[in-house]
Amino acid sequence: MAEVERVLDQNAIESLAALVRDVPDFPQDGILFRDITPLLGDGAALRLAVDALARAYADIDVVVGIESRGFILGAPVAYALGVGMTPVRKLGRLPRETERADYELEYGTNTVEVHTDAFGPGQRVLIVDDVLATGGTAAATAELVERLGAAVAGIGVLIELTGLGGRERLARYPVTSLLQYE
Ligand code: AMP
């Protein structure tokens, strides 16, 4: 497994991890869902997580939040950095002209979209989501950013599931995760 750089001290990691609930067999059998709603509901924890993600990268022009929990974290990270936030959404949700990328799921495919005018040329983009699993969603999002002429400066997530190869798949980009689970 690729080396994971720690961005929080042990106390901070434990205080955040205590607010993540493992829910077996959700949304389907065999998935251990990492529920971050207790963490989002705790003001100190939310601030700690948002500030840590914002601190990890410099010279960001725009934050991309991936639907839908990436919106919840991406917007305050953008606010902390003093930049704008743009949504990458599931197919059919954005009203104007979009760029689309398909990616493989365990069963079938999924599609993400972004407005074609979301980025200026060469802008440095920070992609934010709650959980990095296989990396398929983040890789498709990075592809959209690059196709529209911007650059992926980093990918920041609250939780990384280290056994699923996401970091390896995203090896071209700096990936920051606050909590890691096997
Ligand atoms: P992936 O594309 O496999 O990296 O999956 C990442 C996306 O799926 C993120 O948007 C997560 O919100 C969601 N996700 C994947 N696995 C989990 C999990 N075990 N618990 C919560 N969310 C997950």
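1. Start with the loop between strand S3 (62-66) and helix H4 (69-81), where Ser68 lies. In this predicted model, a cis peptide bond joins Glu67 and Ser68, with omega about -5°. Most peptide bonds are trans.

2. A cis peptide bond also joins Phe26 and Pro27. Here, too, omega is about -5°. Pro27 belongs to the loop between strand S1 (21-24) and S2.

3. Asp25 lies in that loop between S1 and S2 as well. Its phi is positive, about 60°, although Asp25 is not a glycine. Most residues other than glycine have a negative phi. Asp25 counts as partly exposed, because its relative accessibility is 46%.

4. Asp59 has a positive phi of about 55°, and it is not a glycine either. Look for Asp59 in the loop between helix H3 (43-55) and S3. Asp59 is exposed, at 63% relative accessible area.

5. Strand S2 (32-35), strand S7 (124-132) and helix H5 (136-147) each give two or more residues to the shell around it.

6. The ligand is surrounded by 13 residues. The closest are Asp129, Asp130, Thr134, Gly135 and Thr137. By type, the shell holds 5 nonpolar, 4 polar and 4 charged residues.

7. A polar side-chain atom of Thr134 is 2.5 Å from a ligand oxygen atom. A polar backbone atom of Leu32 lies 2.9 Å from a ligand nitrogen atom. A polar backbone atom of Gly136 lies 3.4 Å from a ligand oxygen atom. The protein buries 81% of the 490 Å² that the ligand exposes when taken alone.

Notes. Residues numbered from 1 in each chain as written. Predicted model: local features only at pLDDT ≥ 70, side-chain atom pairs only at ≥ 80, totals over all residues. Heavy atoms only, no water. Near = heavy atom within 4 Å. Polar contact = N/O pair within 3.5 Å; in protein donor to acceptor, adjacent residues only side chain to side chain. Areas by Shrake-Rupley, 256 points an atom, 1.4 Å probe, with all protein chains shown as cover. Helix = DSSP H or I, 4+ residues; strand = E, 2+ residues; numbered from the N terminus. Nonpolar A, V, L, I, M, F, W, Y, C, P; charged D, E, K, R; others polar. Buried < 20%, exposed > 50% of the residue type's maximum accessible area, 1.4 Å probe, protein only.
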